[in-house]
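The following explanation leads the reader through one structure, from a single side chain to the chain as a whole. Please keep the sequence and the model in view while reading.

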Amino acid sequence: MPRWVRPEVYPLMAAMTFVTSMCVFQLTRNIFMNPDVRVDKAHRKTSVLENHDEGEKYAEHGLRRFLRTRPPEIMPTVNSFFSDTK
């Protein structure tokens, strides 16, 4: 194993591990929390779901509510440094 794991491969392994973990997180979130995915046999029998409150709760998660209160800037200090006229 040490023959093919070289130091120049570490950034690639880190990036692939990060991307894979994000995919696993999103798939797990969709399976367990998405109101449109029905895993139970009892819930699969219903053809039309009337769960607007559950869908709203899924779509308006905590991160989205937090980001609505923040200004839409990625680096506010850099933006203010270059845009402020003194």
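**From one residue to the whole chain**

Phe32 counts as exposed because its relative accessibility is 67%, and the cut-off for that class is over 50%. The model in which this value was computed is a predicted one. Phe32 sits in helix H1, which spans residues 10-33.

In an unreviewed entry, UniProt places the feature "transmembrane region" at residues 12-32. Within the model, residues 12-32 are 100% helix and 0% strand.

Asn34 belongs to the loop between H1 and helix H2, the latter covering 41-44. Is Asn34 buried or exposed? Asn34 has a relative accessible area of 18% and is therefore buried, since the limit for that class is under 20%. When residues up to four places away in sequence are not counted, Asn34 touches Arg29 and Tyr58.

Specific side-chain pairings come next. Which residue forms a salt bridge with Arg68? The partner is Glu60, and the closest N and O atoms of the two residues are 2.6 Å apart. The count of salt bridges comes to 1. Arg68 is classed as exposed because its relative accessible area is 55%.

How many aromatic pairs does a search of the whole structure find? The search finds 1. This pair consists of Phe81 and Phe82, with 5.0 Å from centre to centre and 80 degrees between the planes. The arrangement is edge-to-face, because planes over 60 degrees apart fall into that class. Both Phe81 and Phe82 are exposed.

The view can now widen to the complete chain. The protein chain contains 5 helices and 0 strands, and its elements run α-α-α-α-α from the N terminus on. Of the 86 residues in the protein chain, 6% are buried. The protein chain exposes about 8400 Å², of which carbon and sulfur atoms supply 65%.

Terms used: Residues are numbered from 1 along each chain as its sequence is written. This is a predicted model: local features need pLDDT of at least 70, side-chain atom pairs count only at pLDDT 80 or more; totals for chains, interfaces and linings use all residues. Side-chain values use heavy atoms; hydrogens and water are left out. Helices (H or I, at least four residues) and strands (E, at least two) are DSSP runs, numbered from the N terminus. Buried means under 20% relative accessible area, exposed over 50%, partly exposed in between (1.4 Å probe, protein chains only). UniProt positions are given in the numbering used here, feature names are shortened, and annotations may be inferred rather than shown by experiment. Contact means heavy atoms within 4.5 Å. Rings of Phe, Tyr and Trp (its six-membered ring) pair if their centres lie within 6.5 Å; planes under 30 degrees apart count as stacked, over 60 as edge-to-face and the rest as tilted. A salt bridge is a side-chain nitrogen of Lys or Arg within 4 Å of a carboxyl oxygen of Asp or Glu. Accessible areas come from the Shrake-Rupley method with a 1.4 Å probe; for residues, only the protein chains shown count as cover.
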